[in-house]
Structures are given as structure tokens and as C-alpha cells.
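Here's a quick tour of a structure with several chains.

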Amino acid sequence: MIWLLASALLFSLGAYGVLTRRTAILVFLSIELMLNAAALALVSLARLTGSLDAQVVVLFIIAMAAAEVAVGLGLIVAIFRRRETTNIDELRQLRW
Amino acid sequence: MIHLGLWWPLLAGLLLLLWPSLGRAFALVAAGLSLLVSLFLFAGYGGQGLAYTSQTPFLPEVGVYYALGLDGAGLLLWLAVNLVVLLGVWVAEVPVRFLALAFLMQTGLLGIFAAQDLLLFYAFFEATLIPALLMLWFYGGPERLRAIYIFALFTLVGSLPMLAAIFAVRYLGGAPSFLYADLAAHPLGGSAAALAFLGFLIAFAVKTPLFPLHAWLPSFHQQNHPSGLADAMGTLYKVGIFAFFKWALPLVPEGFREFQGLLLFLAAFGALYAAWLAFSAPDWKTLLAYAGVSHMGVGALGLFSGTAEGTVGALYLLGASMVYGSAMFLLVGRVYQRTSSLEVAPVRGLARHAPALYVLGMFILMAMIGLPGLSGFPGELLVLLGAYQVAPWLTFLAFLSVIAAAAYALSAFQKLFQEKPQAQVVPDLAGREWGFAVLTVGVLLLMGLYPKLFTTYLEPLGRALAALVGGAS
Amino acid sequence: MSLLTLYTLAGLATLLSLLAFVIPRETNRWLSALGLGLAGLFCVVGWGETYEAFGGLYRFDTLARGLSLVAILGGLWALLLGPAKKFEFPLLVLYAVTGMHLMASSPNLVVLLIALEVFSLPLYVMAAWQRDEKGFEAGLKYFLLGALGAATFLYGIALYFGATGSFNAGAVGSGPLYILALLLILVAFAFKTAMVPFQWWSPDVYQGSPTVVTLFMATAVKAAAFAAMLRIFTPEGLEAWGVALAMLVALTTVFGNLGALAQTEAKRLFAYSSIANAGYIGLGLLGPTGQATIPFYLLTYALATGLIFAVLSMLSNQEVPLERLRGLWYRKPLLGGAMGLGILSVLGLPPLAGFWAKYLVFQEAARGGFYGLVVLALVTSAIGAYYYLKTFFLVFSQPTPQQEAEDREAEAAVARFGASEAPGVPLASAPLGLTQALMAPASRTAAPAQALLWGAMLLLALLSFWPGLGLRAFSTGLTPLASLTIRAPADGATVEIGRYTLEGTGRPGEILELLDNDTPLGVVTVGPEGTWRFDPAASKLETALQAGPHTYQVRRAGQATGASIRISLVWPTEPVFVGLPEGSTVAASGFALAGVAQPNQVLEVLEDGASLGRVVADANGRWSLNVPPPEAGTRVYEVRAEGALAGARLSLVVPQPEAAGACTQAFTLTNLQDGGTVSRPFRFGGLGSAPSYTVLVKRGEGVVGRKEVALNPACGWSYLSDPGPGEITYEVRETGRPEAEPPLVVITLQVR
Amino acid sequence: MQETVLLPLIVALPLLGFVLLGLWGRRIGEPAAGWLASFLVLGSFLLGFWLLLQGGAKWTLAEWLPGIPFSLRLDNLSGVMLMVVSGVGFLIHLWAIGYMHGDAGYSRFFSYFNLFIAAMLVLVLGDSLPVVFIGWEGVGLASYLLIGFWYTERVNADSARKAFIVNRIGDLGFLLAMGLLWSMFGTLSISELVEKVEAGGYSFTTLSLAGFFLLIGAIGKSAQVPLMVWLPDAMAGPTPVSALIHAATMVTAGVYLLVRHAFILHGDAFLAGSIVALGLLTAFYGALCSLGQWDIKRIVAYTTLSQLGFMFVAVGVGAYWVAIFHIVTHAFFKALMFMTSGSVIHALGGEQDVRQMGGMRKHLPITHRHGLVAALASGGLPPLAGFWSKDAILAYTFEYGPWLWALMLLASALAALYSIRWYVLVFLGEYRGKAHPHESPPVMLWPNHILMGGALGVGFIGLPYVIDYKNFLEPFLSKAIGEFPHEKLPVWTEWTLIIVSALVAIGVLLWGFRFFQQPLPQWYARFQQAALNGFYVDMLYNTLLVNPLKALAELLFSADRGLLGGFAGLGSLMGGLGGLLARLEAGALRLYLLGFLLALVLLLLWGVLR
């Protein structure tokens, strides 16, 4: 049960990270953190209910996270090559 | 038979759109045919309840039926619409595509009067807007864009509360389908009734047009094609009174009773306000627009009084005002064609050169101000008799517009026809216009001298509504 | 068989990604277009059946077929209008469509998550396709927020698993954990469908990414997301997430319509319009039969918005300021017309399909009881009418000469330099003087794109005049679960009282209320196979069996409306039994037989051929007769109108009367009345406490016969006699009492 | 009183004339149109007379409107009016043939003339109030057409419009009366109303309100004080129009309406009082204005106004049959007066200013004789018709109150004064004009002869009871109007009244005869200036009513455009709101993330705490 609280804490930590960090990579990193928090929650619930499905799902999550990283970082690198900065505050052309 | 009457104008319109080379002759024949059909329907009407009904499911899961049927009021208004379209097609100097749009609108209007399913009615009610917009759009005056915005927004924004009211009537009332019989069998009660009626009120007030929501009318008429055909169709599109009579009052009588006081006041005030305004209208089209608002105000007063005479008077006045309102617009179109100006102010003294036009103008104007013996009077008299029982002071207020009507009509008439004739020679009525004149004068006299022909069919409807709404003020 | 859609999509995607380096770009594009077409075909084949695979992870039912079709339509459009220069674009589209197909057809949450990722990742890349400032910004924003959404979704799934113990959508759960899980999932989908307050990304991303991708996003993504929502948020759990969704929808419709009023750029304007439409579709979720109406709405919405964005993409891939649309009708009639039709349909002008869609969705919310929300939605769509009309009239206004000059310039530039996207021509060589917006790629106005425009317009027109077609298509294969109907007797029929029972369908195990002319008639529970039966005669309501029109209505508990039929009841021509179903067991000590006949009609009740006496039906046609204690076994009772040879039969089972101890009831004669007329043979009897009774048969004054009748264990006595015609009197006394003593009962009968 | 289709035929004849002359007027040509119109009117006169001899007639078309039959009814009262309308009407038609000789719109004139007669007949014969109303407004329309006959001059068209609008104000009163009676009794046919009123069972005040509305209608049509402004301007029409419509028939319609509804007015002190007051005021106003006029037709118009005042007083005091008697006598001598003025104008080639006339005695001997009889009859010289009817009114006013009798005596003195002034200025002294007058053709003279005979003899049908010569009119009329108790004055007071009014009349006529021949004193010139433009009543109405209304109309027109602005304002408000919301999308990714997470947290909190 304690682990559920831990995952919730991890999730909110990730959220805090998303809000405060300025560079895209660190924001993405904190999102990955939230993903892992969800994985942790799943593992703890699997332990509680004893069902195997949850553990299989955790494996899926890891694979999915990897795919996301691949595409995400590709995008961030492309932006860096063009704008020499990954500070998300400078990307403000699209508004109103 | 009813389907032929309803969809034939649409077919004719589409044919004309695709092959304009068919020309005006075809249009004339088409309009004549639809008038014949409605005459045939009128003759065959047994006088009681709904005739020519037909009902096929369109969206059964939702309870929407393609249901048609004509009662006394529907038949009278069918006759009026078809007659006006015939007159318009007969005399308006307009390109053939314009006539096609008029036919499209005619089907929409006939649908409004024949629909027995609320949602079908709503579909026709909205669909008629498109040809009207296109007419204003393709053949309008310089600032037609602004007029279109106002007209489209008033109608659209007006009719969406109606959709909410339709839901309330159907789902709170508990009726199994949208058919008129089912809805009328489950009138809506309680607090929802007031809200539902408000929804109907807004939509139909725009179309009556009732006082505050009439603002779209003057700009609509000013910017329309000077031939007057578009304005005539616009006059036919003032279906508010019929809609109140057919859908709003029977379905939500309790809601109506709560708004009755306000409605009576708006109708009476609108009648006088518009008649007064017409006095200072700069051009003929604005004058006729406000005159229309004034007459509809008087009609609305009759209907909202909830008495049998008032309802019969309102419906009769609606039919009559459709005929003489449109005829007057078409006449103004003919005057424009002769003198290429619509202003009221400059004196033109046409009577000297065009006496027949002078007499025709006199007839229609006298009918408009409700001279007994012509079509305006029976309706106004019945409205007076009905409304007086419920709200004597408001009736007095509304019927002051009778004096204002005489004022604005005759002063404008004098400047146009009488006084010093101008040098420029104006041709009198030509071949086609004689047909228009004879037909119009004939109908005005028939409706004025022998209203029994129509009122016998309207009478039971009026009494039924009075029983339902109770006529209490 | 119907796994083929999945196989074609996934298989083709992988195959092409391998072959892409070798085969020329054009064939790559045509192959993927062909693949999409094939997948669409497989969706349509076998419409209506549901096909389960992978142990319940993949359910290919009508909902999946419909929405996969919408996704494939979006994909085809993006493909045909998309840039042809690079081979990656068709592949990305294929992967995205596969992801959407998966999402539309699986009830398992984890598979949904994976499907979400499968179609989101290609979209992030496609958003950044333009490789310019705005493109990257759009891509990054979409990516980061998308990742955040996925994380929320995953966390929601974890909690969902915690609350319900299963990953399948329809699982039943309760308590705060369950609500938290559902809300998290709701947030994830709210983000995907751009509902306020999670819609931040969509205006910017719609504006930044190429118009073709925006088209794909606006139509296909919403279809897939709502398909999943339909599976997860089923009407049963309405209390848990209903109000939350209602709040989201309210905010969305207001924000979407109001925000659009102040827009000057076309793509951003229609981004707000698609936010508003997401709100309207959300309305559909709140009603009981959302499964049929939402796909219909999505189809019409996809067609209309697809038309709009297709025309925008034909104008330019970058931004399309509204002024650019001025006079489009006069410059390019086909584009102008398509745009006009699209706008009017999205606006919801009556004869067009958009109106029927909007109406159905509003009706769902009304049925769900969210009246306030419906009114708000109506008001906001009235506000929306303004900017739709503004654009509509812009398209149809006279083009300014300066615009026409711009057009001619663009045509010349395209002719000379070919499309900025045309294969082989580097962008740089085009003179920089032309604004980017001008570079309308030549390949876009080719035949297939125009064919698609015409096809979409025709389909939209078809749906405008026969909405029933679309609605019925989407609600065929619908599990009886949702539909609540009364099947028998037929609506509008005239039926004889007592000769019919009400039957209909509903959700198994559900409790339904029945009303007769708006007064409660009774309650019935739906059987396991989803059907229910109810005999109005059995109800306590006394008006249930009156002649005249009856409106029977069946409703779910707590809902205002349900299915209803109107029938008119007439008196049965010949009498009939009511109240006792065939073959039910009755009390051995005597019971009451009741039924319906013509008012004050004279009837005769017989038991196995023996008359039990005449009875007269009362004013409203009801009659009843107390049957004297019958012998054990199955007895056949018959009721005949006077003079009729036969009548309705009813067989009842009389149990063996077990010894009921000392009989203390007073002596009674239940069925015959003094002075009645009877036909031969006849039986009479009643209750009593003496061990046995003697029946004295007299004709006039002379005693004709004497018979002793024993009391049966159920304290009932009965006497069967078959005398000659004429008048006969019976005197019943306890056995052993002297003749002279006044009898317990004296009856004289006329025997026919 | 049998049901016969001949009754609507009476109306149909002049209507036929209207239609025939209207459509084929040019083809029928100059004199034929006149004769056709005249004979049609004669036809309806004879038909009416024949039906009247048979004791009246009835004709109804049931359910013309729901609950309202289209019914005509000829009883004694409408019989008398019919005789006046069609009789005098026929004579004026004959006279107009001569007068309108050479006018371009000759047949158009006679078609309008016949329309007027038809409308007047409908008014008189109508049994149910809406039918009377058809005649009522039909007559208004005909007067509009005829006053504005020469519509090319702006002044004629303006006065026609003015007449129609003022009449319409009266008609509104009539409409409201119909509305009230319908809501009270549920029927509008006069015969049923009579029974219902007798039956009672209604609140008395509402009945008097209905009476008041009828009074407003009558005032509008008979040009009584508040609504009398249109009659003098109505002289813009041709003289036969003034003679027929504004002397003999239309203006008396108001009196006829009140007499027809005597059962409502009777016994209501307030109503009677107000009618008397109005009548008196109009009588004095008409007399004084007439004395100051220079245009010959305006002089006669104001005299009509004054005489109408007399009739209203008669109705007020309850002498209903006397009012009708005065209508009959007035019709003869006023028509004669107008026709003589017409002949003079015709003779002088259209000259209407009295100052250019004079000395007609020598030039037009026959017309002079007509003028003399007309002036004396209008002045109330004893043996002539004017005296008997005026004297009967005076007798009844004496009963009502001696103070009223004195005032009425003064008014009749003024009447004698303006009549003799008219005679003197036109016929005596030297001819001041330039044209050379010639006698009118016989077709104009013969109608005048008949009217002169009438003016002389018609008085004898209603002699006061003291003279043993039997009174024909009172029993004849009271059968239709209804018996109203009226105790007779003692014989000697009746005789003294007769002698006093005779002496006053003769005295004033002689005094006036001499007074108007010498140069007029200074005070009279000043009075004349004020009287010339009707004591500035017109100017008063314009400043008080007409101009403010026009200004208000302009104001309302701009207000209406403002209303449209209001709706546009609402639209832009929505646009502004939208702009605000769009501002939220500020483009910063961190803002979006913050928005996303904040919403997430709020939603979860709300979900759990609910």
C-alpha cells in the first residue's frame, strides 16, 4: 500500500519537474519520471493482487517509453540544430 | 396530391436553375399550375380538421416523420403563397434564375404550412432561409452584405432556442414522436413550459416580426432587388403568426399564459410604433416594411388574446396582408421600373400619365389601411372584437395605428401620384401588368366582400385554440 | 476473416518501410493509398457482425468498423493531398491509421495505450514536417503535451487496475480509487480530443503543422479517441464521470465558439471550430444510445471538416489568412463550393447532414437529462453561427482585383517552378519575392484530390437527405444492450382485452417501469436473454383492462423517457380468462376464475364439460366466478358465451388436498345462485365443517333422490348431477340430520 | 317587413353606376354619363319609396363573418334618410350635369358621385354595425376622392387627405364602440342590441362608455367641435360635392347614427349633457366664423356647421324625431343655398370671392329668387321650412332648461344674421366683379325650383301639436326610433315660444338687411379678421398635435436604427469576449503545461471530494 503512495509522490515530483525546468530535455525527462511512477504503481498493485497481467504491462511501458524517447529526442535535436537552443520559452511564435 | 403541390415548385425551380433558357413562359406555367393545385385542394376540403394527411417515417428511431396535412389555415395560406408567387412571376422584370430562387422559397413556405411533424417544420422553417439569403446575395443592393448578416443571424440565432424548446416539448412532455397529434396530446406543464414557450417565442417573434426583434426587416427590404419580387417573398416569410397558432400555443398553453400579458403589450406597442415610424420612412420599401410590421402587430394582438374571433381574425389578416403586402411591393417595383427611384419625398404626380396605375395603387393602399369592403378590414375587425374582450386598453393602443396608417399611406400616395405631374411622360399599365392588376383587385374585393368563404374553415380552429388557451388575460 | 483490416494495415506498413528505399516514391504513395483502400473495403465487408480475436483484446464490431472507416478516410485524404517528395510521409500516415484502427477496436486499456502511442508518434513527426520555425515549435509542443497525456493515461490505467482488478474497459468498480482512475483516463482523452481545459496545444499545433496534417489530426484522431471513449465511458457508470464530462463539454463549447470569433487565420479559426465540435460529440456520450449517434456525428464532421481543410491545403500548406479566401467561389468554383458546403454542414443548417448530426447529439444529452447543457450548447452554436457565416460570405464575396493578380502570379510560379513540394525541385530556386502562402503545390490539384472532394461532397449530400441510412448503418450490430423497445403488440394495433401480453427488449437483469396512459402499470425485470414479458391483466391498476386507446410506455428507472406504443383495446368478441396463466396450480379448497367479455354478456363456465353456472359480465366487461373445490389433477375450464358451442379453454393444476386438520369454516355454497339456469351436466359445492353432507333432490314437492357427499381433506364438498331438463330444487343438510329440519341451503335451478 | 332581394338592389344600382362609369367612363362621354348616374340614383329613390310604402324590407346574409351577419333593413327612420339621400342626391346629380360641363374628368366625377350615394345608402340601410361601418368608411373614401377631385393642385390633395384622416379618428371611436358592444352583448346587429339593452343585466357605466364611443364617431363624421377642422377645407372640392356631401347627406350621418342608437343614449344624463354642450359650441363657432368669411362656399360651409350644432342639441335634449326633421328641412334649404352659390360661381366663370360679387339680383333673376328663399328659410322666417324645425328644437330645449332656450334663441338669431349677410353680399348692391354673368342653363335651374318648393313646403310635415294641423313625421319616426315619454308644454307657452322666435327671426333679418348694405363698422372688421381663419383653430391643431407627431416619428426612426446598432453592439461584445479567451493561448509551452496539470489536479480533487 505504501508503494502506491510512493508512486503518487513520484508522479507529483515528475509533475513539479515538468513545471519548473526550462530546457526541453529536462521537461521530457520529468515526463519519463511520471511514466516510471505509473510503472511503479502497477508493480505494487500486481504485488497486492498477485495477478501477472500487471507485470506484463510494465514491460510494455518500458518498450513504449523507449519509442517515445527515440522520437522525442530526434525532434529536440532537430530543433537544437536549427535554433541552437532548447529553451522552450523562446519557442513562442505560434500564439493568439 | 399534396406532395405534388409541395414539391412541384422545387422541381420547377431546379429545372429553371439548370436550363435558364426555359424562360419566363415556363415559370408562368409552373406558378399557374401550383395555384391550380392549391385551388383544387381548397375546393376538395371537407371543412373539418386535417385533410390530405400523409405520414411516412423519416427517422423512426428518433420519432421524426415526414408527415403532411392541411387544415383551414394551411389551405388559406397555401392559396395566398401560390397566388403571390404567380403575381410576382407574372409582373417582375427579373432574370430567370431569380424566379428559380423564388420557386425554391415557395416550396419552403408551403412546407412550413403543411408540416405536421415539428422537426420537419423546423427543417422547412430554416431551409426557406437559404433561397432568401441567395436572392439577397446575388441580386441585392450595394450594402447587401450587412443586410444578409443581420437577416441570417436574426433567423439562425432566433431559431436555435426553438430547437431547445423542441427538445423540452418532446422529452419533458413525454410524447412518443414529433407528430403534431402526439405532441398536442402531451402538452407541457410546470416551470419547463415557460422556458419552452420562451424558446418558441424568440424564434417566432423574429418571424412575426414582433416589436424588439423586427430590426432586421427594414435593412432586408431596403437592400433587396428593386423589382419587389424578393420583398414579396420576404413578406410571405413572415410566418410568425401561423407558427405561434400552429405550434407554440397548442403545445405549451401553460407557458403561453405566463407570457400572454407581455406578448399582448409587445404586439399592441409594435403595431402603433411601426405605423408611426412608417410616417417618416424615406423610401417606399422602408415604409412598406414598417407597414407590414404594424399589420403583423395587430394580427399578433388578435392571436395572443386567445379568443376565437381574435385567432380567426389574425389568420385572416395574415393571409390578406400576404396578398396586399406583396402586391404593394410588386407595384413599387413597377413604379421603380418607370421612374427608377423609390424615394417618397420628391413629388412625381404619376396619376396624370398613368391613371390605371393610380387606381391600382389606390386599391392596394386602401386594402392595406383596412378600408371596409377590401381584404384588410374583416381581419382587423375580428381582431378588434376578439382582443377588446381581453385587453381593451391595449386594443385601443394598437388600433390607433389605424389612424397612423391612413396618415402615412395617404401622404406617401399623394406625393407619388397626385400633385403637380412631372414633365417626363410615364407609360400606363402595359399588357402583362393589366393581368396583375385585375387579379389583385379581384382577390382584394373577394376577400373583403365575401370573407365567409375562408372564415367558415378558420372558425373551428379558432374555437379549438380558444378552448385550449382559455382567453383569460 | 475480418482480421484482414488489421493485417493489411500493419503488414503493408512494415513491408513498405522495408521496400521504401528501393521502390520509387510515386509507387510507394500509390501502394499505401491502395492499402488504405483495401483496409476500408475489409471494414465494410461483413458489416454488422462482431469478431473477437486475441482473447478479447481485439473486438471488431460496428463501432470499430465505422470509426476505422473515418480514420481511413482521413488517412486517404492526407495521403493524396500530402507532400509527395519524401517517402516517409505515406509510411507515417499508414502507421498512424494502423494505430487508430487498433484504438477503435479494442476494449483493453493497455492496448488502447499502445494504440495511442502508435498513432501519436508519427503525428508528432508529421506536425514538424515543414522543418521551419513554426513546424518545430508545433511538433515540440504536441510531443511534450502528448507525452504528458500518455503518462496520465498510464497512471489512470494503473489505478483502474487497482480499483477493478482488470484492464478491460467495461469493468465495474466503485470507491474513490475507481473515480480517480476514470477521471485520469478522461483527462487523457480530453487532451487527445482537445477538450477545454486540455486544449492548449490544438490551436498552435493546427496552425503550425502543414494543413494536410491538420486535416488528418482534426478528423481521424478525434474519431479514434472518441471510439475508445465510447467503450470506456458506457452509460452505466454515468454517475461516476457524467458530471465531470458535462463540465468539460460546457467549457469546451463556450471556449471553442467564443475563441473563434476573434481569429484572422483560417487554420486557427477551424482549430477552435474543431474544439467546439469535440464538445458537441462529448454531449453524445452522456446519452443512452451514444454508440449509434456519435459515429454518425463523427462521419459527417469528418466529411465537412475534411472538405474545409482539403480546400485550405490546396491553397497553401503554410498559414492561410482569411483574406486569402475572399472570392474563392469566383476564382476556383470547385474549391469555393466545397468550402461553402463544408462550412454550412459544420454550422448545422437544417437540410444538411450537420444539422441531423447535431440534432441527434443534442437529443442524446436531452435523453440523459442534461437539459441545461443542451441549452448552453444551443446558445454557443448560435454564437458559432456568426464566424461560420462570416467565412461563408467571405468565400462568396467579390474577389478584390489585387487577389486575382496574386492568383495569376501563383499559377505562373507553380507552372514555372512546379510545386514547392514537387519531387526533385529544391525550394530555394523559387524567387523569394513570392510569399510562401502562394506556393500551391501542383500535385494537389491533380485528379485524385478533386475526385475525393467530389466524393466527400456527394456523401455529405447523401447523408443530408437520408440521415436514417447512416443512423441505421451505425446502430445495426448494436448489442441489444442499449436499445430498450416494446416489440409486441405492434404499435397502432387494435387488440382484444386479455388476449395479449406486453413483450420487449432491454438490458439483461435490468428493472423497467411500465406505464399505461402515464399511470404506473407495474414493474418487470428483463430476463437473461434481454427480453421481458408483462400481462397487463395481472396488474393491480383497475383501468388496465378498459376499452379505448392505451399508450404503454417502458422506462428505465429514473429516466424521463423510453420506448412507447399506442394501441386501442376492444372488448373480446368471445369471453376469455384473465389473471391465471395457463397451467398454474390453484387452491384445492376452491378459487376464483376471472376474465373479460362484452359488457353485461351472459356467460357459462364449465369444468371438464360440467357447467359451474352462469355469470353476467359487469359494465366494464369484467366477470368472475368462485369455483367450488375441484378434484385433484389438471382440470380444463372453459368459458362460453350463452348459446355458443365452444369457448376459451384454460387448464389448471389442482394439487392433492393434504389433510388440513379440523375444518372450522362455516358452510358455504360458492358457485350457484338460487333461481339461476344451468346446462346439463353441472356441479356445485363449497366449504363446510361437517364430515359429510346429504343432498336432497326434489322436483316440485316430490323427493327424486338423495345423495351423500363426503368432505374432502381441504374441507371442500362438491356434488355433480345430470338431471333431466326442467325445474329442480336441491336441499343440502349435514348427513344424519332429519329431513324436516330446515336445510343449510335450498336452491332451485332451471336445467336446460 | 318582408325579406326581399330588392333591398340590396337599391344599393347595387348606384354601385353599378360607379363600376360602369369607372371602367368605361371615357367611352360613355360627356352628358350621357351624367344622365346615367342621375337616373340610377332616381331608380334607387323610386325603389326605396315603393318598398317604404310596403312597410319596409329586410335582407340578411348569415355568417358573413363568424357571428356577424351582413344584414340590411329598411324601416321608417332609414326610409326618411333614404328619401333625403337619394331624393336630394338625384336633384344635385341633375344640377351637376350642368355645373361640371366641360370638365376633363366628367365621367370620373359621376362614378365617384354614384360611389358616394351607394356608400351612403349602405350606411343608412345597414342593420348590423359592421355593415354600417362599411358605409361609414365608404362615405369617407368617396369624400376623399371627391374633395381631391382636382388632385393636381396640392391644396386640394392636402385637404382631401386631411378630411380622410380626421374622419378616421372618428371611425376609431366607432370601432371601439363595436368592440365594447360585442364584448358586452356578443352581437352587433342593431335589432338584437335593442332587445338586449331592454333586457338589462349589464353595468350601466359600460353602456354609457359605448355611447361615448359612438358619440366620438358621430363627431368625426358630422364635423362637431373637436373634429370640425376638415369641413371648411372640404370646400376645395367641386360645388355639387359640397352641396351633396357637406350639406345634405354625409355630415348628417353622425346625427343619424346617434338617433339610430337612441336606446343607448336615452336616460344617460352625462351623455345628453355632453352632446348638448358640443352642439351648442359648434353652433356658435359655426355662426361666428361664417360671419367673417369672404369665400362664398366657406360662408355656406360654416352655416352648415352651425345647423349641425342645432341637430346635435336636438339629439342631446332627447328630441330625436326633431333632429331628423331638421335634417330633412336643412337638406332642402342648405342644398338650395349651395346650388345657388354654385350657379353664381358658374355664372361668374369660377369666381368664389364674395367681394367680387354683388348685384346678382339684376343679372341672374331666377337664381336670385332661389337665393332669397334659401336665405329666408335658413334664417328661420316663419312660414318657411327652416322656422318649423328650428322652432320645434327651441320648444324641446325650453323643456330641457330655459337657459338653454335663451342660448339657442341667440344662436338662431346669429343664423338669421349670416343667412341675410350671404344674401346681401351676393345679390344686392352693384356688381363688383369684371366677368359678365349669364343665367345658368335650365338643367341647373329646374332642380333649384324643386328644392325651392321643398324649402317652402317641407316644414308643414312636422307642425307643433298646438296647430291642429296633424303632425305626420313624429308618429312615423317614433315607430322606428322607439317611444320616449315626453310631456307636452302647456298650450300658451308653446304659442308664446312660436311668436317670440318668429319675431326674433323677422327682426334680425330686417336689421341685417340694412346693416350689411352700408360700410361695415370698425369693430366688425376686427372681428372679421379673427373669424376669417376660424379663430386660429387650425394653427392651434398644427402646433399642438400635427407637428409634434411628425417630429416624434423622425425621432423614432433614428431610434429604430439605434436598436439595430444595439444588436450589432451585442455581437461585438461577444467578439471582444472571444478575443479575451483567445488571448489565453499565449503560445508559451510552460503555460500550457501549467494549464494542463492545474486542470488535472483540480479535476481529481473535485472528483474525489464530491
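Predicted model: local features only at pLDDT ≥ 70, side-chain atom pairs only at ≥ 80, totals over all residues.

Helices (H or I, at least four residues) and strands (E, at least two) are DSSP runs, numbered from the N terminus. Residues are numbered from 1 along each chain as its sequence is written, while chains are lettered from A and ligands numbered from 1 in the order in which they are written.

**Zooming in on B:Leu371**

- B:Leu371 counts as buried because it has 23 C-beta neighbours inside 10 Å. (A residue is buried if 20 or more other C-beta atoms lie within 10 Å of its own, exposed if 12 or fewer, and partly exposed in between; C-beta atoms are placed from the backbone.)
- Skipping neighbours within four places in sequence, B:Leu371 is in contact with residues including D:Glu137 and D:Leu141. (Two residues are in contact if their C-beta atoms, placed from the backbone, lie within 7 Å.)
- B:Gly448 is 77 residues away from B:Leu371 along the chain, yet their C-alpha atoms are separated by 9.0 Å.

**A buried helix in chain B**

- Eight of the eight residues of helix α11 (residues 229–236) of chain B are buried, so this helix is largely enclosed by the rest of the structure.
- Among the helices of chain B that the buried residues of α11(B) pack against are α3 (72–91), α14 (284–305) and α15 (308–339).

**Who touches whom**

- Five pairs of chains touch, and chains B and D make the most contacts among them.
- On the B–D contact, 41 residues of chain B meet 35 residues of chain D.
- The largest share of chain B's side, ten residues, comes from α18(B).
- That side of chain B divides into 26 nonpolar, nine polar and six charged residues. (Ala, Val, Leu, Ile, Met, Phe, Trp, Tyr, Cys and Pro count as nonpolar, Asp, Glu, Lys and Arg as charged, and the others, Gly among them, as polar.)
- Chain A and chain B share no contact, and their closest C-alpha atoms lie 25 Å apart.
- The contact between chains A and D takes ten residues from chain A and eleven residues from chain D.

**Confidence in chain A**

- Chain A has a mean pLDDT of 89, with 100% of its residues at 70 or more. (pLDDT is the predictor's confidence in each residue, from 0 to 100.)
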